[in-house]
Structures are given as structure tokens and as C-alpha cells.
Amino acid sequence: MLDICLLGTGGMMPLPYRWLTAMMARCDGSSLLIDCGEGTQIALKEKGWSPKPIDVICFTHYHADHISGLPGLLLTMGNAERTEPLTLIGPRGLERVVGALRTIAPELPFDLEFIELSENQEQIKAGPYVIDAYRVNHNVICYGYSISIPRTGRFDVDRAREAQIPQKFWSRLQKGEIIEDGERTLTPDMVLGPARRGLKVTYCTDTRPVPVIAEYAREADLFICEGMYGEEGKEAKAREYRHMTFYEAARLAKEAQPKQMWLTHYSPSLTRPEEFMDKVREIFPRSKAARDGWTLELEFDEE
């Protein structure tokens, strides 16, 4: 199972009714956060989710509305007696930016491990997550992320018996272990069928529509996409500041065909995003104007 919570849906500045955009995923006791703007801790508290199990934080870019909440979050995690290392992922300059922010959070009881992205597309494995980072088109270096939970093939009892693999090793092989048994090396592919469809959530904000977004969002269980502007006549402003309109996001979703799309990262001037959704759904019917705190529980398909 993969739990997703869109903690906030605002861009640029937090509002009394809308926190800044951040997303948390939970799987197998491990949490992953994408972006950490001002107010993220309050959004977590309102949702009742703990920051202590966060093992990975991914940053799309280093504008303040996406990272200014980090020092306080780190201090809170330290005060919760966390000692395990925390992995931070983001564009080049991550360690420098975090180092500057930690001027006000200098002492932590856990280590920070930095992964700085330099390629247009990179894949990182962390705990139960496969993280695909892809470069998008903003006015600073910015990445989108696809978070996947892979699913191995079914265990094949007949193949295990034909290969004379002792039953005591079956569970370990099913979990992906490689086992040395005397002179034999036992590998999971000896007992597992073809990989099955896993789970995937694709997330992007602060970008113009570019083909790579649809590529990574293709057939995702959930596509969370920036919709900075819903009003008519904002196309030129979106191009100037390298953002997206609701309708540009919907066209990406139409191409990618995810199970559903949530719009997020609304302009502070956009007070009622749902008013524009009829036209958005004409382009991609499975579109929703997300609100703070929306949660989705994703489960593997039954087979």
C-alpha cells in the first residue's frame, strides 16, 4: 500500500486557508516528502501524520515557497529523538542551500545525506521507493518526480521444487535476496514470475508543459500537477514566469492518461479553483482541483 497526502496546494505564499505545496508518501513504515515550504509542519499536524518517519525529502527547486520550512522541520525531527540518517535529494547546490538554512538549525542528532541531481533524468532507490527525477522548464533548475513502488512477480512453487531449492529459502528469495547455498547461488528470478504492475505517483510544479512530464506521468495511479492559473487570459503570464495553466496541465494528462489528476500550486489570487474545472474536464475528465489535506490510499491491483 502507498498512502499519499497533498499537504498544501498553494504557490508563492501561504494563506489562512491554503498551505504551500508539499506532498507526503508513506509505505512500509517509511515516509517521503516532496518540497517543504513554510507551513508544512502545521499541515502535517493538521493531518495527524508524524514527521519522525520521514526518510527522504525531495526538492523540486530552491525558491522559498518550496524549501523555507526545512529548518523547523529538521529541528522538530531532532526533538522527536530521531537518530537515523535523512536523505535529501534536489538539483545541484542542495548541500550549499541546506547549509545556509541550517544556520538557524545547526545541531541535529542525525546525519544528512545529500544526493544532488545533475542529469536530465536520474533514478534513485531509497527504502521501498524508486524515485525518478526529471528536469522540467522553470526559470531556475527544477525537477519533477515520479515515486514508484515496484511489485515482483508471483512466487512459482513448481519452479522452486524443480530447481530443488530448500523451502527454508523461499521467503527470502521472494523478498529479493540472493542466497549462497554451498556451491550454488540462488537468485529471485529462479522462483519468481514476471514483474507485476506496481504503483506510481507523478508530481510536478513550477514548469512550462514539456513532453517529459507526460512521459513520466503515463498511466500513473495519480498525477499531481501544477495549475497556477485557471482564469482566462493568464496564458502570457504563465509563459513569462514559466508556470502552467489548468488547461495546459489537462492536456498533459490527456496525453499521459493517468488514473486521475490533481491540480495544485495555485496562485494566491486564485481563490476558487473549482470554478474552472468544467472546462478542464472537457480536456481530461478525471481531473480534480485538489484541496489541502487530500489523501489517497493506493493498493496493488488484484490478480
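Predicted model: local features only at pLDDT ≥ 70, side-chain atom pairs only at ≥ 80, totals over all residues.
Colleague: Which residues lie nearest the centre of the largest pocket, and what makes it a pocket?

Modeller: Of the 14 lining residues, Met 12, Met 228, Tyr 229, Tyr 241 and His 243 lie nearest the centre. A pocket is an open set of points on a 1 Å grid over the protein atoms alone, where a 1.4 Å probe fits and protein lies on both sides within 12 Å along at least five of seven lines, and lining residues have an atom within 4 Å of a point. The volume of the largest pocket is about 180 Å³, a volume being the space filled by probe spheres set on the points.

Colleague: Is Met 244 buried or exposed, and how do you know?

Modeller: Met 244 sits in the loop between α8 (235-241) and α9, and its relative accessibility is 0%. Buried means under 20% relative accessible area, exposed over 50% and partly exposed in between, with a 1.4 Å probe and protein chains only, so Met 244 counts as buried. Arg 208, although 36 residues away in sequence, is 5.5 Å from Met 244, C-alpha to C-alpha.

Colleague: Which label does Lys 288 receive, and why?

Modeller: Lys 288, in strand β15, has a relative accessible area of 36% and is therefore partly exposed.

Colleague: What makes strand β1 largely enclosed, and which strands does it pair with?

Modeller: In β1 (residues 2-8), 7 of the 7 residues are buried, so the strand is largely enclosed by the rest of the structure. Two strands pair if DSSP finds at least two bridges between them; β1 has 5 bridges to β16 (residues 294-298), running antiparallel, and 5 bridges to β2 (residues 22-27), also antiparallel. Cys 5 has Thr 295 in β16 as its bridge partner, whereas Ile 4 stands opposite Ala 25 in β2.

Colleague: Why are β6 and β16 described as standing at the edges?

Modeller: The open sheet of 7 strands runs in the order β6-β5-β4-β3-β2-β1-β16, with mixed pairing. Both β6 (112-117) and β16 have a single partner strand, so one side of each is left without a neighbour in the sheet. Within this sheet, β4 (residues 54-58) and β5 (residues 86-91) pair in the parallel sense over 3 bridges, with Cys 58 opposite Ile 89.

Colleague: What makes a set of residues a nonpolar core, and how many residues has the largest?

Modeller: A nonpolar core is a set of buried Ala, Val, Leu, Ile, Met, Phe, Trp, Tyr and Cys residues joined through side-chain atoms within 4.5 Å. The largest has 58 residues, and Leu 2, Ile 131, Tyr 145 and Ile 213 have the most contacts inside it. Helix α9 (residues 246-256) gives the largest share of this core, 7 residues. A second, separate core of 26 residues includes Leu 44, Ile 54, Leu 88 and Leu 108.

Key: Residues numbered from 1 in each chain as written. Heavy atoms only, no water. Helix = DSSP H or I, 4+ residues; strand = E, 2+ residues; numbered from the N terminus.
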